[in-house]
Amino acid sequence: MMYPKLKSELDAQKVELIAVSKAKPVSDILDLYKMGQIHFGENKVQELVSKMEVLPKDICWHLIGHLQKNKVKYIAPFIYLIHSLDSLDLYKTIDKEAKKNNRKISVLLQFFIADEETKFGLDINEAIQIIKFHQSNESSNIIICGVMGMASYSENPVKISEEFKSLKAIFDRLKVEYFNNNQEFKEISMGMSGDYQIAIDEGSTMVRIGSLLFGNRTT
Ligand SMILES: *Cc1c(COP(=O)(O)O)cnc(C)c1O
């Protein structure tokens, strides 16, 4: 699909587009940037950093893949949003690196909502443990902005919409019980090329779209 059409479709629904540029060259990113796109997502730290170094500095970079603790330091100086907070240990590392860089880092709690073993993510009790730690830690340099999740690869739209519904329900519960309806806790990152319209119907505020914009990946 052409970028301008997708972008205006999402703007009309007040949903943020994260253009997922993994495995694609910087020239592809620049093409979209010139059309006005500034939010880009990558799933590997090294690839994200090497692209960031050669691309315009006003791009907002999103880390959407699993993050290893020993790699946090490479993105801490500039990352715009980490979608994949999936452990308390990782929280502590991100907080420490944020402090070293004298900045705050925004994160999403990644939940496991699919029925596949390969997907990373928290369950509700692990998430509550992180939130309680966060809220007892008055000098945290982390901002918890919301939740992220991936649905199963499935042909069944009912199954996909049920998984997205479960993430929306988790978000609503956490927002009321732990964030006191705080406006900072506002993002639901769900939806990819194959299921973004279902995700939006279920309350997504941010979609992460790669192949629909850039073509299929060979890797
Ligand atoms: C690759 C990826 C996407 C985008 O997938 P497409 O199907 O190409 O749109 C979204 N989210 C995550 C976490 C990804 O790894």
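## Contacts of leucine 109

In this predicted model, leucine 109 is in contact with Leu85, Leu122, Ala127, Ile130, Ile131, Ile144, Gly146, Val147, Met148 and Leu174, when its neighbours within four places in sequence are left aside.

## Nonpolar cores

Leu109 belongs to the largest nonpolar core, which has 62 residues. Leu109 is also one of the members that touch the most other members, together with Trp61, Ile75, Ile94, Phe111 and Leu174. Helix α7, spanning residues 157–177, supplies the largest share of this core, with 6 residues. Another core, of 6 residues, lies apart from it; Ile18, Leu81, Leu108 and Met148 are among its members.

In soluble globular proteins, nonpolar side chains tend to be buried together.

## Surroundings of the ligand

Which residues surround the ligand? They are Val20, Lys22, Ile64, Met148, Met150, Met192, Ser193, Arg208, Ile209, Gly210, Ser211 and Arg217.

## Polar contacts and cover

A polar side-chain atom of serine 193 lies 2.5 Å from a ligand oxygen atom. For glycine 210, a polar backbone atom is 2.8 Å from an oxygen atom of the ligand, and for serine 211 a backbone N or O atom lies 2.8 Å from a ligand oxygen atom. On its own, the ligand has 380 Å² of accessible area, of which the protein covers 90%.

How values were computed: Residues are numbered from 1 along each chain as its sequence is written. This is a predicted model: local features need pLDDT of at least 70, side-chain atom pairs count only at pLDDT 80 or more; totals for chains, interfaces and linings use all residues. Side-chain values use heavy atoms; hydrogens and water are left out. A nonpolar core is a set of buried Ala, Val, Leu, Ile, Met, Phe, Trp, Tyr and Cys residues joined through side-chain atoms within 4.5 Å. Buried means under 20% relative accessible area, exposed over 50%, partly exposed in between (1.4 Å probe, protein chains only). Helices (H or I, at least four residues) and strands (E, at least two) are DSSP runs, numbered from the N terminus. Contact means heavy atoms within 4.5 Å. A residue is near a molecule or strand if one of its heavy atoms lies within 4 Å of it. A polar contact is a pair of N or O atoms within 3.5 Å; within protein, one must be able to donate a hydrogen and the other to accept it, and residues adjacent in sequence count only if both atoms are side-chain atoms. Accessible areas come from the Shrake-Rupley method with a 1.4 Å probe; for residues, only the protein chains shown count as cover.
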